[in-house]
Amino acid sequence: MSTLTALPDLKTKRSVEISHLIKEYPNPYGEDFRVVEDFNLNIQEGEFISLIGHSGCGKSTVLTMLAGLNEISDGGIIVGDKEIDGPGPDRSVVFQAPCLMPWLNSFQNVMLGVKNVYPHATKAERRQIVEHSLSVVGLADAMKKFPKEMSGGMQQRVGIARAIALQPKVLLLDEPFGRLDSLTRMELQDVIIDILAREKMTAMIVTHDVDEAVFMADRCVMMSNGPKAGVGEILEIGFDRPRNREEVYQDPKFFEYREHLLAFLEQRAHIKGSTRTFSDGDFMGFTEKEGADLEAAAAQEATSVA
Ligand SMILES: Nc1ncnc2c1ncn2[C@@H]1O[C@H](COP(=O)(O)OP(=O)(O)O)[C@@H](O)[C@H]1O
Ligand SMILES: [Mg+2]
């Protein structure tokens, strides 16, 4: 990699500062509905954050605002030393489904983004970046494979390769393993952890899996329930890196962390039930949408088992 000239300087600042972040969506009556309010979080360089919270609380909303794909209603986000204003190559995202072009093979799918981000790199340099990215996700032998020839796990590896090929400062993951079986999920968790350690990126993963949230992250950020969701609580995960899965899973601290997150979610589930009135006209637009989201999530859950 040392011969590449067009790459961004990885020693540049990679921290994230999210300050007083607000997101309002219009409800079906044309009124602004405040989903996220006063969300504050500072992420250190190279830190790995997991974001958990109940379905529909606003996790993806925060992540897509940080990605620059979702307009910020108020407040701001600084990545490195620059306030973000839309998407940029300093941040890349891995979603639940990798959205690959079916007519392109793995190499070409990864090359798509690389061409945009390194327009001045030579052909050989671009090729080197793509091959390196596919190798680190374990696809060195599958560069010529088309999406339909690959399993869901392999396709998601291509999605991860595409994201890291841009050499972002910040890697954003929105339930990236939600559709995968548990063995593949664990394999890909390890792939991500290795990449982050090697490439020194800062990262945030949205997940509803508490084991994943604890095993992967340096800090777990628990979001309060929406509407007007913010940071409810933050839990420091005191395991050293590199982490050995067996050791971590057998450590009593792992269960304490896990229980802590579950207790938070459980407690919030009760708060939700007692304070939200689903027949209240003011909230109808919101709960209808949320209901549809939950149905979609349940349907997805049901189909992902096979
Ligand atoms: N584009 C949108 N327009 C209106 N409401 C939205 C939009 N996107 C998300 N929402 C609503 O905002 C809330 C938070 O959504 P989201 O961030 O996707 O939650 P999570 O990722 O935590 O499940 C939900 O109630 C959802 O219905
Ligand atoms: Mg989401």
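Does His20 count as buried or exposed, and why? Keep that in mind while going through the points below.

1. First, a caution: this is a predicted model. Now to His20, which is found in strand 1. His20 counts as exposed because 12 C-beta neighbours lie inside 10 Å, and the cut-off for exposed is 12 or fewer. Its backbone deserves a look too: phi of His20 is near 45°, a positive value in a residue other than glycine.

2. Stay with strand 1 and look at its sheet. This is an open sheet of four strands in the order 2-1-4-5, with antiparallel pairing. Strand 2 (32-43) and strand 5 (82-83) are the edge strands, each pairing on one side only. Strand 1 (residues 16-26) and strand 2 run antiparallel and are joined by eight bridges. If you want a place to start tracing, Glu17 has Asn42 in strand 2 as its bridge partner.

3. Next, a pair of helices. The axes of helix 2 (residues 106-117) and helix 3 (residues 123-136) come within 9 Å and cross at roughly 125°, so the two are oblique to each other. Helix 2 passes helix 3 in a right-handed crossing. On the helix 2 side, the residues that meet helix 3 are Ser106, Phe107, Val110, Met111, Val114 and Lys115; their counterparts in helix 3 are Arg126, Ile129, Val130, Ser133 and Leu134. By type, the residues of this contact divide into seven nonpolar, two polar and two charged.

4. Have a look at Met201, in the loop between helix 5 (182-199) and strand 8 (202-206). Met201 is buried, because 24 other C-beta atoms lie within 10 Å. Leaving out residues up to four places away in sequence, Met201 touches Arg14, Pro168, Lys169, Val170, Leu171 and Leu196. Take Val170: it is 31 residues from Met201 in sequence, yet the C-alpha atoms are 5.7 Å apart in space.

5. Glu175 sits in the loop between strand 7 (170-174) and helix 5. Glu175 has a positive phi of about 45° although it is not a glycine. With 20 C-beta neighbours inside 10 Å, it counts as buried.

6. Finally, check two peptide bonds. The one joining Gly226 and Pro227 is cis, with omega about -5°; Pro227 is in the loop between strand 9 (219-223) and strand 10 (231-236). The bond from Arg241 to Pro242 is also cis, with omega near -5°, and Pro242 lies in the loop between strand 10 and helix 7 (245-250).

Technical notes
Residues numbered from 1 in each chain as written. Chains lettered and ligands numbered in written order. Predicted model: local features only at pLDDT ≥ 70, side-chain atom pairs only at ≥ 80, totals over all residues. Axes fitted to C-alpha atoms, helices over the stretch in contact; angles between N-to-C directions. Parallel < 35°, antiparallel > 145°, perpendicular 65-115°, else oblique. Left-handed = near helix turned anticlockwise from the far one by under 90°. Contact = placed C-beta atoms within 7 Å. Nonpolar A, V, L, I, M, F, W, Y, C, P; charged D, E, K, R; others polar. Pairing = 2+ DSSP bridges.
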